[in-house]
Amino acid sequence: MRYRSLERLTIIFSWLTGLLLLSAVCLLLGYLFIKGYQSVNLTLVFGDASPLRAILLQERVFNGLFPAIVGTLVLVLLSVFWAIPIGMATGIYLAEYANPRTKRVLDAFFDVLSGIPSIVIGLFGFAFAVFLHKHYSDRIGPCLLISSIALSFLVLPYIIRTTQASLEGIPRETRLTALALGATKFQNIFLVLIPRSLTGIMSGIILAIGRCAEDTAVIMLTGAVASTGLPRSIFAQYEALPFYIYYISSQYADRAELMQGYGASIILILLCAALFSVAYGIRKGLTHFALYRP
Amino acid sequence: MKKLSIISLALIVSVLLACSPAFSDSLAPFKSEKGLLKISGGTAHIPVMKEAAQQIMMANPEIQISIAGGGSGVGIKQVGEGLVDIGNSGRKATDEEIGRHQLKLYQWAIDGVAPVVNPQNKVKELSQSQLMDIFSGKLNNWKQLGGADRNINIYTRDEASGTRAVFWKKGLKKGPISSGAHVVVSNGAMKSAIAQDPYGIGYVSVGHIDEMVAPVALDGVVPTIQTVQDGTYKVARGLYSNTKGEPTGLTKKFIDFLYTDEGKKIIEKRGFIPAQ
Amino acid sequence: MKRYRELIAERAFLLSALTSSAITVAILAFMVFMGLPLLKQGGLYQLLFKPWAPFQGSFGIYPMIIGTGAISLLSLLFAFPLSLGCSFLIGSIAPQSVSKWFRRLIELMTGIPTVIYGFVGVFLLVPIVRELFGSGSGLCILTAALVLGIMITPTMTLFFCDSFDRIPKAYLDAADALGASPVQKLLYVILPAAKHGMINGVILSLGRAVGDTLIALMLAGNSVRVAESVLEPARTLTAHIALVIAADYESPEFRSIFACGVVLYLFTMAVTFLVRYLTFSKDQTV
């Protein structure tokens, strides 16, 4: 009988917690959307500028989120661009080349890397930029390049891990077929194993993209600023959506600016969702393309 | 009637004609410039910097100006290290800082630092000793000052802040600030923190005071830009832009712009007194 | 020619692997290198056990260590039961269709940007906490821990679900054969078998809570005194780094944030190796 009531209690408890979490999320998103939906419009993004001219870079946007959105997109693309080759190569090495002992040691390194708080990586990036500035070139300071490199450190473990896991998950038969037919190890990896594990690898890249788009701690130390306009070069400072939200939440000047913060939050959430769905779209296309390569 | 409208039209045109040369005069030097100008430091300066930057960038799309905060300490240090072109500070750089980084100081406005509370708070007047007791933590309930029966939430700035340095020196006579105080990172952040906390007290640049926060009269003097100007409100300071060595090119033109009529208009509009 | 290419490829992969691991080491080395002068001057003792009062020449990070501990442990206290219940729901209690849907939702939740949690916290939760308890500003340990708890719940739930999934099917089949209900299976088969994995999940979630910057920075009030109650403000190590980065580069203030970095890094290492050790010892026993 005692056990029976424990079981019933467990069921009630589980449903309650599920409901609690669900309502917390609904509260979070609901609050944001109800308070902010009115501010989401073209003026929020483009300010007083004409949208078309702004997108064609013919007109500057001053009171809108356009520079921040572009900044975030460029940042994400750059970071992922650095992280993908080295991350995938490392994943391949771990899965296909490393002997068990090397693997254990390297695994430990990447476990640590994935656990390092983002602010510490940001601090590293900042200190590194100052170091470069002092000893090498006056042109380098906290900037888009430094931010994207620091962010790529942050997301490297995602790409390494997913590449490694999806390669290791390939069954032996598939693994051996091409080799038995006389393919070299390298050919086997590139023509058989990687196409087979693209789905897994892409899921890691998606995760990485999401992480880059939302991270604030790294960029606030490595070059994101409150106001600068569109980034002109990778050595320039830039605006970014998450940093803008943080900035507004702590120092809005008036109600209008606060509403822009709500709008920016909604856009960031939508942007994250859009990035994810685009990445899912690419994943399908890529898998097909790679699988049916002549 | 027709005549009147023609006259008024002529008037408007002549006024416009009279104004526009002044406008383009202020911005004219930027015509031949292009490139990147980096500004950081003092957070009291940001509204003026932003508006000046916007006007310059509108007039000449080849120029890009980036503005970051951080506080006066950061501004002075970053310009000294060459990380930015202009480092703003809400306090005068110390002789040691000037010497070490070969700083050139440009004071373009006069400002004050005022204690502020939430507009809902009934306490709108304090003596300097009461203020010191509040910030040291000796007075910890608004009831002791005739307000609501709630604890006083103290807000202060980080150590790099020039506003903090000035307020501490002149407002608190170098008295202690409780370590239990909330810490915010800019004048803007102080303003929104106090606007949100009905039981908070903090301090901001006088130029930043608007209907979101209420200034507290200190020994009977309400801190406004007038009382700062006529010298009755004592916690006053200058707003500085600092450069490493003699400024050149775009940097020089930007600083010069702050001293033009157009620049002075922006400074006044943002609540400061343009320096003579 | 073919062999040559093989060799180059292998070398390139090895080089990437070495580069990636070098990053891990380089970050620590840089932190230690930058923080070292302070350690030499003031000693470890002063750094770890003194308060933060730069104007009095004291650069200890003791209050931040306490703040980090208080906020992250309290958030774990909120997140643990929540995650436990949610993972039960997904693992066996809810019907298949609901559990699938719920799991996807929780996976999506891990993608909500941290800064959004902070933003909503500032404008929604802070006034509620202030008025509910009638003391303080609402920017306090409790608020930060609540939001942080909500933020790490999805991660922890997914860790739990993973460790449920890893239970050998034979165990479950045996329980089914004996006619166990889903709850019985959960309580008497899955839970005991998944204990190790769940401990790992809790430790990793603690790591995430300690490493988060934005929520504490935006919601905890950032005061430098050791708080006496959960309604008082506090500062975490991560928020401290974000706040003091402002100070100048050669000052002891700036050096001390590298000490914060080292502490956070060592904590990460401790978490990682603890988890690895637990996983390893579990592998030995099973």
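In chain C, 70% of the contacts with a separation of 6 or more are between residues 24 or more positions apart, a contact being heavy atoms within 4.5 Å. What you are looking at is a predicted model, in which local features need pLDDT of at least 70 and side-chain atom pairs count only at pLDDT 80 or more, while totals for chains, interfaces and linings use all residues. Residues are numbered from 1 along each chain as its sequence is written, chains are lettered from A and ligands numbered from 1 in the order in which they are written, and side-chain values use heavy atoms, with hydrogens and water left out.

Let's stay with chain C for a moment. Its secondary structure comes to eleven helices and two strands, taken as DSSP runs numbered from the N terminus (H or I, at least four residues, for helices; E, at least two, for strands). Along the sequence the order is α-β-β-α-α-α-α-α-α-α-α-α-α. The C-alpha trace of chain C spans about 75 × 70 × 35 Å along its principal axes. Of its 286 residues, 55% are buried, where buried means under 20% relative accessible area, exposed means over 50% and partly exposed lies in between (1.4 Å probe, protein chains only).

Buried residues make up 57% of the 294 residues in chain A. Among contacts in chain A between residues at least 6 apart in sequence, 71% join residues at least 24 apart.

Now bring the two chains together. The interface involves 78 residues of chain C in contact with 74 residues of chain A. The size of an interface is often given as the accessible area lost when the parts come together. Here the buried area is about 6800 Å², with carbon and sulfur atoms giving 82% of it; this is the accessible area (1.4 Å probe) that the two parts lose on being put together, summed over both.

How many salt bridges are counted between chain C and chain A? The count is one, formed by the side chains of C:R276 and A:D111 at 3.0 Å, N to O. The criterion is a side-chain nitrogen of Lys or Arg within 4 Å of a carboxyl oxygen of Asp or Glu. The chain C residues that touch chain A divide into 56 nonpolar, 16 polar and six charged; Ala, Val, Leu, Ile, Met, Phe, Trp, Tyr, Cys and Pro count as nonpolar, Asp, Glu, Lys and Arg as charged, and the others, Gly among them, as polar.

The packing can also be followed through nonpolar cores, sets of buried Ala, Val, Leu, Ile, Met, Phe, Trp, Tyr and Cys residues joined through side-chain atoms within 4.5 Å. The largest has 248 residues, and those with the most contacts inside it include A:L241, B:I65, B:F135 and C:I27. Helix α4 (residues 66-97) of chain A supplies the largest share of this core, 15 residues. Leaving out residues up to four places away in sequence, C:I27 touches A:L113, A:I116, A:V120, A:I121, A:F124, A:F153 and C:Y265.

Finally, take a look at C:N200, which sits in helix α8 (residues 195-211) of chain C. Is C:N200 buried or exposed? It is buried, because its relative accessible area is 12%. Beyond its neighbours within four places in sequence, C:N200 is in contact with C:V275, C:L278 and C:T279.
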